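Keep the structure open beside you as you read.

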Amino acid sequence: MDYLSTRGGTEQLPFCQTIITGLARNGGLFLPAEVPDVRRHLADWAKLAYADLAFELIRLYADDLSDSALREMIGKSYATFRHAEIAPVVSVGNLHILELFHGPTLAFKDLALQFLGNLFEEVLSRDNAELNIVAATSGDTGSAAIQGIRGRQRMRIFVLHPHGRVSPIQALQMTSVLDGNVHNLAVEGTFDDCQDIVKALFADLPFRDRYHLGAINSINWARVLAQIVYYFYAAFRVMEKTGSAQVRFSVPTGNFGDILAGYVAWRMGLPIDRLILATNENDILARCFESGVYRSGAVAATLSPSMDIQVASNFERYLYYKMDRNPSAVAAAMKSFAAGGEIEVPLNGQGRVEEIISAARIDRGKTIDTIRNIYNDCGYVLDPHTAVGVRAAHELADTDIPVVSLATAHPAKFRDAIQEAIGTAVRHPAIDRLEDMETRCRDLPSDKEAVRNYIEDCLTV
Ligand SMILES: *Cc1c(COP(=O)(O)O)cnc(C)c1O
C-alpha cells in the first residue's frame with residue numbers, strides 16, 4: 001500500500017517510510033492510496049481478541065512489515081495495558097463506555113503510541129537509522145509519547161508543552177521521566193504556538209534532514225491506524241450485546257485524530273450510523289460542521305485541556321475526502337487558511353457538511369453537571385473529556401441505535417474537575433506515585449529559533 005500527500009505531488013511512500021517521514025515534504029499529511037472495504041471480513045473479525053483484530057486491520061495498511069514482526073510489535077504494545085481486554089466496553093446505566101484509559105499514562109493516546117514506539121524501533125533497526133522526534137502536546141500526547149519512546153535505542157524525543165497550561169499531573173507525567181533520550185520543553189505560549197513551532201521545524205527541510213526529525217503527533221498515520229482498531233472492537237462488542245446492526249460513536253475531539261480514525265473505519269465499511277464530534281468551548285470543529293466555515297479563534301483554557309485546540313491538524317485528512325480526493329483543492333484550501341484563517345467547506349444538498357458527522361459544543365457547566373449526574377445515578381466517574389462526549393451524545397439523541405461514548409482518560413488525571421463535580425477525588429496508584437518524583441524540564445520562549453538551538457545543542461554534543 002502506498003501513501004500519498006493530501007496536497008498532491010509525486011511523493012509516494014510505502015508504509016514504513018511514511019511513518020518515519022511524518023509530514024509530507026509539501027506540508028501535506030499522508031493518506032493511504034486506497035481505503036480497503038472490509039465488509040466481507042466483519043463476521044469473522046467480530047470473534048477476535050483485541051490484539052488479533054489489530055493484526056488483521058493494521059496489516060492491510062502495512063504490507064511492507066512481515067506478519068511475524070507485526071504480530072510481535074502488537075503483542076509488546078498491548079502487554080503494557082492494565083486490563084486483559086485492552087479496551088473494554090462497560091455498561092453504565094444505558095450508556096456504553098469504551099474505556100481507552102488502561103495504558104501506561106491512563107489516556108487513549110497510549111493505544112497508538114505504545115504501538116508507534118515499537119514500530120519505530122523495528123523500522124529503524126531494519127534500516128540502521130536514527131530518529132529525533134519533535135512533538136507538541138496539549139497534555140496527554142506528551143506523556144503517552146514519552147512512555148512509548150523512553151529508553152529506546154536510536155531515538156530521542158523532544159516534547160513541547162504550553163507552560164502552565166497542562167494540568168499539574170499531566171506535567172508531572174512528562175517531566176518525571178528522566179531517561180537520557182527524553183527532553184521536556186515548557187514553551188511560554190499556547191498549544192497552537194507549540195504546534196506552529198513544530199510545524200516550522202518540519203518545514204525547514206535542511207534542518208529536518210540533517211537531524212532526522214520524526215513526528216509522533218496525530219499527523220503520523222500510524223496513530224490514526226492504531227486507533228481504527230478500537231472502533232471495530234467496540235462496535236463488535238456492542239452489536240453482540242444489543243443485537244443492533246449499527247452503532248453510533250461519540251468522540252471527545254481536539255485535533256480530529258481520534259474521530260478521523262472512526263471516519264476511516266466507516267469508510268472501510270464498519271456499520272457506523274453517526275459519529276458525534278464533541279468539543280469543549282474551543283469549538284472550531286463544532287462550528288465548522290454546523291456552518292461549513294472553518295475559522296480559528298483564540299484558545300480558551302477549559303476543564304478538558306487535551307481538547308484546547310483551535311487548529312486541528314487532522315482536519316486536513318478529512319478535507320481530502322470531503323473535496324473528492326482532489327489534492328489541488330486541499331492545497332488551495334490550506335493555503336487560504338494559512339493566509340486568512342478561514343476555509344469554506346462545501347455543503348451537501350441538505351445544507352450539511354457531512355451526513356455521518358454531527359457536532360455539539362459542551363461548556364464547563366454542562367461538563368460538571370454530566371460528571372455529577374452520571375456519578376449520582378450510576379456511581380461511575382467520567383473524566384471531563386469523556387463527559388463532553390457523553391453529554392453531546394445525550395443532546396443529539398434521536399435514535400434507538402446504541403451509542404458508544406469514548407472514555408479518553410481516567411478521572412484520576414483531572415483531580416480538580418472531579419473534586420468540583422462530585423466533592424471527592426478519584427485516585428489511581430500510577431498518579432499517586434508521581435507526587436514525590438524528581439523532574440526535569442527546560443523553559444523556553446515561544447520562538448522557533450530558541451527551540452531549534454536547544455535541539456541542535458543536544459544533538460551536537
Ligand atoms: C487527545 C485527547 C483528546 C482529543 O483527541 P484528538 O485526537 O486530538 O481529537 C480527547 N481526550 C483526551 C483525554 C485526550 O488526551
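A residue is called buried when its relative accessible area is under 20%, exposed when that value is over 50%, and partly exposed in between (1.4 Å probe, protein chains only). The model is predicted, so local features need pLDDT of at least 70 and side-chain atom pairs count only at pLDDT 80 or more, while totals for chains, interfaces and linings use all residues. Residues are numbered from 1 along each chain as its sequence is written, and side-chain values use heavy atoms, with hydrogens and water left out.

Let's begin with charge. Side chains of opposite charge can pair when their charged atoms come close.

Asp-283 is buried, with a relative accessible area of 12%, whereas Arg-287 is partly exposed at 28%. Compare the pair formed by Arg-126 and Asp-127, whose salt bridge has an N to O distance of 4.0 Å. Arg-126 is partly exposed at 44% relative accessible area, and Asp-127 is partly exposed at 46%.

Now turn to Asp-204 and Lys-448, whose closest N and O atoms are 3.9 Å apart in a salt bridge. This pair links distant parts of the chain, 244 residues apart: Asp-204 sits in the loop between α8 (191-203) and α9 (205-210), and Lys-448 belongs to helix α19 (residues 448-460). Helices here are DSSP runs (H or I, at least four residues), numbered from the N terminus. Asp-204 is buried at 16%, while Lys-448 is partly exposed at 26%. Both also take part in a network of salt bridges with Glu-449 and Arg-452.

What about the interior? In soluble globular proteins, nonpolar side chains tend to be buried together. A nonpolar core is a set of buried Ala, Val, Leu, Ile, Met, Phe, Trp, Tyr and Cys residues joined through side-chain atoms within 4.5 Å. The largest one has 115 residues, and those with the most contacts inside it are Phe-120, Phe-232, Phe-249, Phe-256 and Phe-315. Helix α10 (residues 221-242) supplies the largest share of this core, 16 residues.

Zoom in on Phe-315: leaving aside neighbours within four places in sequence, its contacts (heavy atoms within 4.5 Å) include Phe-256, Leu-285, Phe-289 and Val-345. A second, separate core of 25 residues includes Phe-191, Cys-194, Ile-219 and Leu-444.

Key: Salt bridge = Lys/Arg side-chain N within 4 Å of Asp/Glu carboxyl O. Helix = DSSP H or I, 4+ residues; strand = E, 2+ residues; numbered from the N terminus.
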